[in-house]
Amino acid sequence: MILEGKKILIMGIRNKWSIAYGIAKSAYENGAKLLFTYVGEENKQKIEELTSEFKGSKSYVLDEASQDDVVKEVFTKIKEENGKLDGIVHAIAHAFTEDLHNDFIFTSKEGYSHACDVSAYSFVLTARMAKELDMLNENASLVTLTYHGSTKVLEGYNVMGVAKAALEASIRYLADNLGKEGIRVNGVSAGPIKTLSAKGIKDFGSILTVVEQKAPLHKNVTTTQVGNVATFLLSEMSEAITGQVIYADNGYNIMGV
Ligand SMILES: NC(=O)c1ccc[n+]([C@@H]2O[C@H](COP(=O)([O-])OP(=O)(O)OC[C@H]3O[C@@H](n4cnc5c(N)ncnc54)[C@H](O)[C@@H]3O)[C@@H](O)[C@H]2O)c1
């Protein structure tokens, strides 16, 4: 129970296939009390049913994670109702479909900004707002989700790769800024998983097939396995780790051809 007594906010749960759900399962089984944010008031009932297995959890609508005023309002409410947090998981990303289907060179200015705003700036905003509102306990841990497309070209990942590169650089700068207060910042680079977001990536199925063929462990990862790595990063077991991107991809990233 390495998260016993810890209160963790998980941002970005959508359905039972979400990586956020796998993280929630692992964190809950390891003793954490959970809070969630999700998109869309109309999804309230669905999310409450989905999270009902996590006893004592609460969910909050957060429609636009890259907008300062929206995050401030939701975080203020979360703090008022729950007090300080021991960890935040950021599992949020988005790019326009056309920017994942066309060649990268055709990415529009709007599409480029949108992907970086929602998928990278939102993590910086999460960290800053949590600090400004004094929401974080000493030794709190912030964790985000990234992907190998940040450093390698994967057809169809396109502008999302650029956004993940920005996110990974943001992890390092935030780790430096917050380290003096004992707050750690890390990312989990998950192997490909069939989630609703992943469906937007052209030919995603072939990425899954290649990973199964080439990863040293010859299989794809599950959301619970990714969740276990996030749980480790949220726990004191990882107290010497900050500013890192830890791969949870069955080793695929070490391979050449
Ligand atoms: N599925 C994969 O193969 C994979 C691999 C590595 C990393 N990741 C990352 O994991 C994270 C979670 O994605 P997932 O695959 O579980 O898919 P998902 O669709 O289940 O989750 C994505 C979440 O982002 C939220 N979101 C999108 N735009 C938002 C906005 N403007 N404001 C607030 N929330 C917004 C969605 O509502 C959803 O809950 C993402 O950062 C994704 O890039 C996914």
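The legends below describe close-up views of a predicted model.

**View A. Packing of helices α5 and α6 in the predicted model.** Helix α5, which spans residues 109–132, packs with helix α6, residues 158–179, at an angle of about 20 degrees, and the axes of the two helices lie 8 Å apart. Because angles under 35 degrees count as roughly parallel, α5 and α6 are described as roughly parallel to each other. The crossing of α5 and α6 is right-handed.

**View B. Residues in the contact between α5 and α6.** From α5, the residues that take part are Gly111, Tyr112, Ala115, Cys116, Ser119, Ala120, Phe123, Val124, Ala127 and Lys131. They meet Val159, Met160, Val162, Ala163, Ala166, Leu167, Ser170, Ile171, Leu174 and Leu178 of α6. Sorted by class, the contact of α5 with α6 holds 16 nonpolar residues, three polar residues and one charged residue.

**View C. The largest pocket and the residues closest to its centre.** The space in the largest pocket amounts to about 1100 Å³. Its lining is made up of 45 residues, and those closest to the centre of the pocket are Arg14, Ala91, Ile92, Ala93 and Ser197. By class, the lining of the largest pocket comprises 25 nonpolar, 15 polar and five charged residues.

**View D. Helices and strands that contribute to the lining of the largest pocket.** At least two lining residues are supplied by each of the helices α1 (19–29), α2 (44–51), α4 (97–101), α5 and α6, and likewise by each of the strands β2 (33–38) and β5 (136–146). The largest share of this lining, three residues, comes from β5.

**View E. The second largest pocket and its lining.** The volume of the second largest pocket is about 320 Å³. Of the 14 residues that line this pocket, His148, Leu154, Val210, Tyr252 and Gly256 lie nearest its centre. Its lining divides by class into eight nonpolar, four polar and two charged residues.

**View F. The largest cavity and its lining residues.** The model has one cavity of 30 Å³ or more, and about 50 Å³ of space lies in the largest cavity. This cavity is lined by Tyr147, His148, Leu154, Ala190, Gly191, Pro192, Val211, Tyr247, Asp249 and Tyr252, which by class are seven nonpolar residues, two polar residues and one charged residue. His148, Leu154 and Tyr252, which are among the residues that line the largest cavity, are also among those that lie nearest the centre of the second largest pocket.

Technical notes:
Residues numbered from 1 in each chain as written. Predicted model: local features only at pLDDT ≥ 70, side-chain atom pairs only at ≥ 80, totals over all residues. Heavy atoms only, no water. Axes fitted to C-alpha atoms, helices over the stretch in contact; angles between N-to-C directions. Helix = DSSP H or I, 4+ residues; strand = E, 2+ residues; numbered from the N terminus. Parallel < 35°, antiparallel > 145°, perpendicular 65-115°, else oblique. Left-handed = near helix turned anticlockwise from the far one by under 90°. Contact = heavy atoms within 4.5 Å. Nonpolar A, V, L, I, M, F, W, Y, C, P; charged D, E, K, R; others polar. 1 Å grid on protein atoms, 1.4 Å probe; cavity = no way out; pocket = protein on both sides within 12 Å on 5 of 7 lines; lining within 4 Å. Points joined across faces, edges and corners; volume = space filled by probe spheres on them.
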